[in-house]
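I opened this notebook to record what I looked up in one structure. The entries follow the order in which I worked.

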Amino acid sequence: MSEKFNMRDGVRFQRVAGIAGIGFALVILGANLILAPAGLPKPGTDADTAIAFFVDHRDLVALAMAPVPLGWLCAVLFGAGVLVALRQAERTAGTGWSLVGFAGLLLQNATFIVIVGIRYALGTSGGDGGALWALHDALLALNGTFLATALVGLTIAGRLGGLVAPWHAAIGFLAAALQFTAATLAPLIIDHAGPLGLLGLSGWLLWSVWFITYGVALVRTAERR
């Protein structure tokens with residue numbers, strides 16, 4: 001009876017983790033769908049224009065960012081669910097790629113907490129927020145390192161454990177390459193608004209697709225147990 005209860009508990013947790021992964025992606029996509037049409041400044045935008053946006057749209061930014069802490073919680077639940085789902089396969093193989101990916105998720109959460117805090121601060125900075133905006137751009141670009149770490153770690157772990165399909169892995173590796181390239185070119189992206197900023201954006205959009213697909217895979221795996 002105890003073993004049966006533990007099995008059900010594990011299935012329930014994995015299902016929750018999969019739903020949390022989908023939820024994380026939807027929260028982040030939703031925030032950007034609110035801010036992008038309003039003219040959210042892109043990396044490399046001059047400080048005065050960026051600050052004016054956050055001052056003029058302070059209430060809209062607050063609305064868009066309000067669910068983001070829930071997204072961070074969802075990311076942690078998702079990462080923990082992947083660890084549990086792949087634990088046995090990784091022990092057998094003697095690898096720890098899921099731990100690498102989970103570390104990337106935690107680091108991107110920590111970085112984005114600062115980014116969101118800066119966005120709130122810019123809304124109250126008046127005209128004196130040039131340094132904050134520069135820091136925002138730098139963190140946003142460098143965060144690609146942690147996104148790439150999560151993508152690579154969890155994709156490899158998922159392939160080894162049979163949780164990630166080849167096409168899903170291809171999306172993950174492409175998104176990781178774009179994110180890491182954007183992080184490497186951070187100084188150029190910060191100094192020049194232009195096509196280089198699309199590297200990180202493209203990688204982020206692919207990351208969202210990868211995240212939702214991974215969440216669905218976790219839910220389906222839980223239902224087959």
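**Entry 1: the model.** I note at the outset that this is a predicted model.

**Entry 2: helix 4.** I looked up helix 4, which runs over residues 68–93 and has 26 residues. From its first C-alpha to its last it reaches 36 Å, close to the 38 Å expected at 1.5 Å a residue. I then asked where helix 4 has its kink. The kink is centred on Arg87 and amounts to about 55°. After helix 4 comes Gly94, and I recorded a positive phi for Gly94, near 75°.

I also listed the buried residues of helix 4, among them Trp72, Cys74, Phe78, Val82, Leu86 and Glu90. In general, residues three or four places apart in an α-helix point the same way, because there are 3.6 residues a turn.

**Entry 3: the cores.** The largest nonpolar core has 33 residues. Which of them have the most contacts inside it? I found Phe78, Leu105, Trp207, Trp210, Phe211 and Tyr214. Two or more residues each come from helix 1 (2–35), helix 4, helix 5 (97–122), helix 6 (130–160), helix 7 (166–184) and helix 9 (197–224). Helix 9 gives the largest share of this core, seven residues.

A second, separate core has 19 residues, including Ile51, Val61, Val68 and Ile118.

**Entry 4: the largest pocket.** I recorded about 930 Å³ of space in the largest pocket. Its lining is made of 39 residues, and those nearest its centre are Asn32, Pro43, Leu140, Leu201 and Trp204. The elements that give two or more residues to this lining are helix 1, helix 4, helix 5, helix 6, helix 7 and helix 9.

Entry 5: Beyond neighbours within four places in sequence, Ser98 is in contact with Leu83 and Glu90, and with Gly153, Leu154 and Ala157.

Ala20 lies in helix 1. Ala20 is likewise buried, because its relative accessible area is 5%. Not counting residues up to four places away in sequence, Ala20 touches Cys74, Leu77 and Phe78. I also checked Ala20 against Gln108: they are 88 residues apart in sequence and 16 Å apart in space, C-alpha to C-alpha.

Key:
Residues numbered from 1 in each chain as written. Predicted model: local features only at pLDDT ≥ 70, side-chain atom pairs only at ≥ 80, totals over all residues. Heavy atoms only, no water. Helix = DSSP H or I, 4+ residues; strand = E, 2+ residues; numbered from the N terminus. Expected span 1.5 Å × (residues − 1). Bend = angle between axes of the 7 residues up to and from the residue. Buried < 20%, exposed > 50% of the residue type's maximum accessible area, 1.4 Å probe, protein only. Core = buried A, V, L, I, M, F, W, Y, C linked by side-chain atoms within 4.5 Å. 1 Å grid on protein atoms, 1.4 Å probe; cavity = no way out; pocket = protein on both sides within 12 Å on 5 of 7 lines; lining within 4 Å. Points joined across faces, edges and corners; volume = space filled by probe spheres on them. Contact = heavy atoms within 4.5 Å.
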